[in-house]
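The structure is shown first.

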Amino acid sequence: GGPAGSGDSKLTDDRVVLGVLNDQSGVYADVSGKNSVKAVEMAIADFKAKYGDKAVTKNISVESADHQNKPDIANTKAAELYDRKGVDAILDVPTSSAALKVADVAKAKKKLYFNITGATTALTGASCNRYTFHYAYDSYMLAHGTGTQATQQGAKNWYIVYPDYAFGQDMEKKFSAAVEGAGGKIVGKDATPFPNDNFSTFLLKAPTLNPKPDTLGTMQAGGDLVNLVKQYNEFKLRDKGVGLAVGLMFLTDIHSLTPAALAGTTYTDAWYWNFDQQNRQWADRFLSETGTRPTFAHAANYSAAMQYLEAVQAAGTDDADTVVKGLEGKEINDVFLRNGKIRAEDHRVVHDAYLAQVKPQAEVKEDWDYVKILKTIPAAEAFAQPSGDCKM
Amino acid sequence: MLRIDNLSASYGEAQVLREASLEVAPGEVVTLVGRNGAGKSTLLRCVMGLHPDQRGTVSLDGRDLTRLPAYRRARLGLGWVPDDRGAYATLTVTENLTLPPRVGPDPWSLERVYEAFPALYTRRDSPATKLSGGEQQMLALARVLRMGARMLLCDEPTEGLSPLLVQQVGDLLREAKRHGVTVLLVEQNLHFATGVADRHYLLAEGRVVEAMDNSEVRSRERELLAYLGI
Amino acid sequence: MTGFLQHTFDGLVNGAFYALLALGLAVIFGMLRVVNFAHGAFYMLGAMGAYVLLTEFGVPFWWALVIMPVLLGALGMALERAFVHRLAQLDPLYNFLLTFGLTLILQDLVKSRYGVQSIPYATPGELGGSVDLGLFDFPTYRVFVLVFAVAICVGVWWLLTHSRVGMVVRAATERPELTRAFGINVGRWVTPVFGFGIALAGLAGVLAAPMRAVNPLMGADLIIVVFAVVVIGGLGSIFGSVAAGFGIGLVQAWGVVYLADWPILSQTLVFIVMAAVLMWRPAGLFGREEAPA
Amino acid sequence: MSTAVDSEPGARQGPARSGLVAVARAPWWVRYALLAAGLVVALWLPNGLYPAVAVDILCWALFAVSVDLLLGFTGLMSFGHAAFWGTSAYVAGIVAIEAGLPFPLAVLTGALAAAVIAVPIGYLAVKRTGIYFAMVTLAFAQMIYYVANKWGTVTGGENGLQAVPRELGGMDLTDEYYFYYAALPITVLGLWAAWRIVNSPFGRVLVGIRDNPARARALGYPVHRYKLTAFVLSAFLAGLGGGLYVMGHQFVSLDALHWTTSGKAVVVVVLGGIGTLWGGVVGAGLLVRLEDWLSFSGFEQIGLVTGAIFVLAVVLFRKGIWGSAAAVAARWSAGRGK
Amino acid sequence: MAGRALLSARGLTRDFRGFRAVDQVDLDVAAESVHALVGPNGAGKTTLFNLLTGFLPPTAGTIELAGRDVTGLPPERVARLGVARSFQITSLFPQLSAREHVELALQSPSGLGWRFWRSAKLMGRYRERADELLDMVGLAELAEVPAEALAYGRKRALELAIALALDPKVLLLDEPTAGMGLEDVDRTVELITRVRRGRTVVMVEHNMSVVGRLADTVTVLQAGTVLVEGPYEQVRADERVITAYLGATDAAH
Ligand SMILES: Nc1ncnc2c1ncn2[C@@H]1O[C@H](COP(=O)(O)OP(=O)(O)OP(=O)(O)O)[C@@H](O)[C@H]1O
Ligand SMILES: Nc1ncnc2c1ncn2[C@@H]1O[C@H](COP(=O)(O)OP(=O)(O)OP(=O)(O)O)[C@@H](O)[C@H]1O
Ligand SMILES: CC(C)C[C@H](N)C(=O)O
Ligand SMILES: [Mg+2]
Ligand SMILES: [Mg+2]
């Protein structure tokens, strides 16, 4: 729909540039990293194929930069991408602190920013702004999915350990609320140092709590998660009757821990590559481009890039305010977004989420196919209602 | 036994030794005198192979040492008593003594060392730099005796020693000599030097300017002292 | 009570890593006056190496426990010859800086090849279960780590105090020129000792692989804590370093449990202990007093 | 066993061979020409470089010079200077947010805070010298890091302090380009202060202490107190840099307190030349520029490059850029003298 | 000469890990006298110096300077109170020139050293006095030479110059002539004779002729305790001193 693009474009500089700013060498390099750049390139190719000569411009490119998960570097890089590389929209940005910083920059420079891999709900709360969209998931979605579902399925007594920084603290609050909301009980919670490679104290403590917890809820991510799970197995907590629930997990985490180490663990996923035929087809393309299967972050980057380009196409301009207007309230279905909608109030992109469980080793028939989807959480339930905190 | 020909050495731009030549026959005790800064210590370091910037030849028993690294020279029987005494802070007194390998036919035993220097025995388990100045001097001397070096290069071994000990060191050197040890001694103390040595070389401005025997030194004592002092 | 004992035991196991690392640092320092910043990086290489041996060559844990220290020891010797050696006569700070630079290089090399994701390394089958320690049971592997580490520490201590090696290398390090003049070929001794210290770090790394996160940064922050440990124990003292290693392991384990309400305290406990020790005994608990200065 | 290292003055060649000498003894016109050239470069910088990078260079120049003040002129290698840089950054940020102070005042407050925490840390650290000093400062900095991490209500924990305002009498400083020129006078003032300290009677005493503390004590100088004063002054300068940094980025995170930041400061000094003071400025310009270029060129192994440069500098090029240049100049002028 | 004790110690004791280097020493140094400490190597002379100057805290005992208790004061405080020392093992600032050494010493009492906001050119005010002192010890020509490049004997002379620069009430000299040629020894003796006016000098010295020419009182230490004390001639003739220290013939000089 909308006004069809024409040859005489109203682009500010005759081109559209997408910028991927993420961790290309650190703990989240596998989660998104370079392959997110690939995903965005795929989106550009698809867009060009779709519109051909009708495209608002043929001059579309990707720039990328490594923010090393450091907010100060993210700050500089974001400014550079917008100013020096002529980037119209920044994508990705894992790590909440960096994610928030980039939102500031987007606001100051009046350029678009789609956060894909950050978890903090502050992006659509107190720190929201007109140019920032939060695309793939957030801590509420994770807590609500895993916490509520697991509790309803019988995990009554929880012991929560969380890394003691913004992401972990946020997750802990959201999880506790979700568990208690579903009738469960938090018998203990401990903040662990971040990063940390020794969780034995907490693991020793778990079975001695009174009442004894039946579930250990871990909010650790990346390296910490791998570590904790390994030691969980070493201390044989499952045998001692303490199950495991994980706050946030990516396909790459399961891959590096091996499914055997996690078999039976439930968690909430924003997207799964082998969920349906459409996903699988895209994942096959991704595999042939990159050699691995996509995480939800890769698919979300693809989707966000695509939707941005569609919006530019529809508006016939890359003027930020016009594009934002076009995106607000838009309802979308694509390979990543199912029943997706861009909320105008806070720029939260809501969509279906999934409750997933790691398969037992015996059921793993294919590399990377480690998970079965237990349940689809409908878009309307998956994300929190707009909080009053967001003032654009 | 030791022969030095046209030895030159410098520290950066400053030339310290200028074609110095001298010779020490087996079993001889020879002193090297010269005023402060004449280059005496530098000459000994050259003989040990510790001075990087040197020209000329040094030979021991007719064997050219010029290209041998310091540790090989020591193995040939050279023992050095450095002017700063060379005590190891990280080693105890006993360790300081047992550290060097034996290099000659007649090494002293530890017992013999402790007998000769009872002060070292009482302090045997202290770090060597904790010894008093004089004790460190004894240690340095005892150490080369324990190696059984055939040729000693002693750099002011009596400095800071009490008169009694100075006599003892004199006795020791004389005894070493009786056992056929050769000594090249750097000394400020002419009394002491004439008491133990056979011959003397005078080093001035990096050159060996004179060779003297004991009687000559005694007869010219005043003149020499005046010269050395300035 | 059982809880307390369990945490105590756990603290000792963690202390074993501090002790092994502090021991390697102390050996290198005691002999060469080099504070090896890269010690954490070599620890990491030990663990990564064990992983690579297993996945790419099918070499099991037990062999890795032998092979990695030997390989890393050789690497350490090469580095000593190539770099450390050249700085021997300068202020020890230069070698500290050198090893800091090496740390950055080693970490990034491994990162570029293996990424930064933590890599799983399975506990060797023989040590998979847990042992009954009377009041409680404990993972067998951790018990093994503790026993093994104690044995290594005692062995090394014995070697250094009862053999000529320790003496010669200390001398060669303090005054290489003089030592050469005593007929000792200094280079022949110092290099292997450096290698040995590195091998100890590698050994700790292999031991850590089955129970810690294996990734290129695993040694980075750990080494700072180990520095605090050796300051507490007295860097020159082998015994002090090892004792402080186990001690800090205990203090931390207890701190996490009993100071849970004051997280700022429990996290910084090591450094608080260090400050206290510095105030009371600047040379460390077992370090020697400094000379009048 | 610590004795050998700690109390053997002059036994080994220290890191602090002053390269300043050559320049200081250069004819007056050479010195003024250098100074003028430096000022011209400083004024031009944001036109030739991305302004944000230029601002970073200013901050790091101050930081490096503060480290060199200790390392080169007092013989103390602080491997924990991030503690002061970071503390100042946090404090400056907090007062700017909470009290809305104009940014130079906020920076000054931050630097004072850095100086204040330097008192207890320095008091404990100067009890040790040499390598121990490096380790002790490193450990204390790590302690501050943990405290900042835990004290999330004030520091923002992992999120850092966001949206720090930079105010100056209602001027619009949002653009880095203009902010650079607002920050330049503070930097120049800080650098001048460092130069003054080094070339003061106090600076001479420091050099004496560096070379032989026991002797200095026998001359009646309270060595610990001198070192402590130098430490606090240095922390203040590091704090100026850190304060500007938070203003430049309008943001500060835990990284500002991490040991890698301390390490980087020392790298910059070694690169520029220990004991040269201005070497730190040159080193800062070079390293900041290099890192910017590397990360933008998509090369991931920044540590590999910095580490390699560093190893080479330590092994082959110990005088650093400034030190080597000074040595060449000295040789050249000596050659002409003959 | 003579008169009250300016510097005195009572029951001064110092242990090193169970080894007693100085044992219950009582010492009274009369104001404006030259007091020599002699004794076998390892008798505890340098340790006693270290105790008197605050470089080592005593295990037991007290030290008084002009009636004031200075026990346990740090060395810089002791120095400030007018006690200067030289070191037995030469202790200089290797990279500073001879003149800079003396200037640094001259500046010490003034508090100028704290002025980090003033120019170092201010130290020029000490230059003249510094050159005078250097001349006095025969280093006038070597004023610009860095200490590390001086030969040993020159370093000893520089040690003396900087001790004198402090214009101390009490001058403690640890083997001031060790390592010097005869002429330098004479010069040093002459120098000490010159500077002792109005000062109190305590010196450790093995060179008995130097002791004889300078000392008013000689204290002989042995194994950490005072063996004999008295005027030179008397001490020299003392049987115990001869067996423990001097030996049958005075081979020294
Ligand atoms: N490390 C050095 N750097 C520069 N010059 C040096 C160095 N060591 C010695 N010199 C110079 O070399 C000359 C000879 O020194 P050397 O130590 O050999 O003299 P010496 O005869 O042993 O004097 P002394 O009787 O004082 O021990 C002296 O002028 C001294 O200043
Ligand atoms: N820091 C220390 N630690 C252990 N022992 C020490 C220390 N300082 C001195 N000693 C011991 O105390 C004794 C006295 O030493 P001191 O240096 O006072 O002797 P001295 O009388 O000055 O001898 P010399 O004439 O040889 O210089 C010696 O046996 C020495 O080994
Ligand atoms: C796991 C990560 C990709 C998320 C990150 N920890 C955050 O703070 O948002
Ligand atoms: Mg000499
Ligand atoms: Mg003495």
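The model is predicted.

**Chain B as a whole**

- Chain B contains 10 helices and 10 strands.
- Its radius of gyration is 17 Å, close to the 17 Å that the globule rule gives for 230 residues, so chain B is as compact as a globular protein of that length.
- The C-alpha trace of chain B spans about 45 × 40 × 35 Å along its principal axes.
- Buried residues make up 60% of the 230 residues in chain B.
- Among contacts in chain B with a separation of 6 or more, 67% are between residues 24 or more positions apart.
- Chain B has an accessible surface of about 8,500 Å², and carbon and sulfur atoms account for 48% of that surface.

**Contacts between chains**

- There are 8 pairs of chains in contact, and chains C and D share the most contacts of these pairs.
- Chain A and chain B are joined by no contact, and their closest C-alpha atoms lie 38 Å apart.
- Chain A and chain E also have no contact joining them; here the closest C-alpha atoms lie 35 Å apart.

**Helix α3 of chain E**

- Helix α3 of chain E covers residues 98-107 and is mostly covered, with 9 of its 10 residues buried.
- The buried residues of α3(E) include the charged residues Arg99(E) and Glu103(E).
- Also buried in α3(E) are Ala98(E), His101(E), Val102(E), Leu104(E), Ala105(E), Leu106(E) and Gln107(E).
- Packing by the buried residues of α3(E) involves two chains: the partners are α10 (201-211) of chain D, and α4 (127-136) and α5 (152-165) of chain E.

**Annotated regions of chain D**

- An unreviewed UniProt entry places the feature "transmembrane region" at residues 28-45, 57-83, 103-124, 131-148, 177-195, 228-246, 266-290 and 302-322 of chain D.
- In the model, residues 103-124 of chain D are 100% helix and 0% strand, with the end C-alpha atoms 32 Å apart.
- Residues 131-148 of chain D are likewise 100% helix and 0% strand, and the end C-alpha atoms of this stretch are 26 Å apart.

Notes
Residues are numbered from 1 along each chain as its sequence is written. Chains are lettered from A and ligands numbered from 1 in the order in which they are written. This is a predicted model: local features need pLDDT of at least 70, side-chain atom pairs count only at pLDDT 80 or more; totals for chains, interfaces and linings use all residues. Side-chain values use heavy atoms; hydrogens and water are left out. UniProt positions are given in the numbering used here, feature names are shortened, and annotations may be inferred rather than shown by experiment. Helices (H or I, at least four residues) and strands (E, at least two) are DSSP runs, numbered from the N terminus. The radius of gyration is taken over C-alpha atoms; the globule rule is 2.2 Å times the number of residues to the power 0.38. Buried means under 20% relative accessible area, exposed over 50%, partly exposed in between (1.4 Å probe, protein chains only). Contact means heavy atoms within 4.5 Å. Accessible areas come from the Shrake-Rupley method with a 1.4 Å probe; for residues, only the protein chains shown count as cover.
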